Amino acid sequence: MRTYKLALPAIVSAACLALSANAMAETWKMAIGDSAGGTQYELGENFAEEMEKRTDGKIKVNLFANSQLGSEEDTINNASMGLLDLSILAINNITPFSPTVGVLTLPYVIHGAEDAKLLTQGDVGKELTENTIRDAGVRIVGWAYSGCRRLTNSVRPVSSPADLKGMVIRVPKNEIMMSSYQAWGVNPNPMAWSETFTALQQGVVHGQDNPYITIDAMKFYEVQKYITDSCYVFSLEPLVIGEGKFQSLSPDMQTTVLEAGKAATDHSYDYLLAQEAGIKKSLVEEHGMTITEPADNESEWIAKASTIWPKFYKSIGGKDKLDNVLQVLGREPAPEK
């Protein structure tokens, strides 16, 4: 009995410490457009783990997938106004708020994962981050590398732009991407990401484009039969934090956020390289999709889509911005017009 009385204060003290620690813990909300299993969720989950580890549990991040907290466009507004802490979204959904980011969505600028990593983790990425703070009130702290956007449809194999005749293709509400399809002779249907699966299921649209990992995560194989192994845009999905939220943090916590974002970014790149080939194989062998190679190494697709570049020189900050990106990638300057 005496032992119990002696131990009781220690137990109560430990319980109070635990309650105190829990009271000090802070929970952040992160919006994610995609479902679990995709690169967005993988990035978000890894960032959450890094934050919890680096803060000894003081910061926990709750993930809300499948656009539970609103469309990807809505989450930009909410983060900038302080109504949401974090969001992961397709880069094309930031472009309407910060047009200079559109340089990374111009067709056939980025040819693969190495190009994407070089641009986002170098001076180009730093400048675009500063621009999004200025223009949209959010700060990019990490990147998901999701892979080349592959065209899918439910009608027929597509190897050339002519094969798209009569099809309605869903595209994001992004002028650059809509113009790419128009250059191929298609009248695209701009549609919110959250509405896309249902529209494909109901036949409102016949096709869409996204990386293999997203096609698998969103189970598009249930409503799509054909894939074109194209690469007109490399899908980048930044992790953003509201700039007001970021500035409210202590300098040490700001550094922690940036370091956690960098670690999650590195993880995303490795994840893409490790997973994409297996997912591509699974879509064919397990889910019955058919993959078609673009005709003539995609030459007609490239020639037609590249004609839209000059239309967007002004919105991306000038032709010199694109020329700088191409120089970083070891390529020739863009055409004048």
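Select W184 and W301 in this predicted model: W184 is buried, and W301 is buried as well. The two rings form an edge-to-face aromatic pair, with 4.9 Å centre to centre and 80° between the planes. W184 lies in the loop between α6 (175-183) and β7 (189-190), whereas W301 belongs to helix α11 (residues 299-306). The pair thus links distant parts of the chain, 117 residues apart.

Ring pairs link Y181, W184, Y232 and W301 into a cluster.

Next, move to W193 and F220. How are the planes of W193 and F220 arranged? They form an edge-to-face aromatic pair, with 85° between the planes and 5.7 Å centre to centre. W193 is found in the loop between β7 and α7 (196-202), and F220 in the loop between α8 (212-217) and β9 (226-228), so this pair ties together parts that are 27 residues apart in sequence.

Colour W193 and F220 by accessibility. Is W193 buried or exposed? W193 has a relative accessibility of 11%, and residues under 20% count as buried, so W193 is buried. F220 is likewise buried, with a relative accessible area of 1%.

Finally, select K117 together with Y269. K117 lies over the face of the Y269 ring, 4.4 Å from the ring centre.

Notes
Residues numbered from 1 in each chain as written. Predicted model: local features only at pLDDT ≥ 70, side-chain atom pairs only at ≥ 80, totals over all residues. Heavy atoms only, no water. Phe/Tyr/Trp six-rings, centres within 6.5 Å; stacked < 30°, edge-to-face > 60°. Helix = DSSP H or I, 4+ residues; strand = E, 2+ residues; numbered from the N terminus. Buried < 20%, exposed > 50% of the residue type's maximum accessible area, 1.4 Å probe, protein only. Lys NZ or Arg CZ within 6 Å of the ring centre and 35° of its normal.
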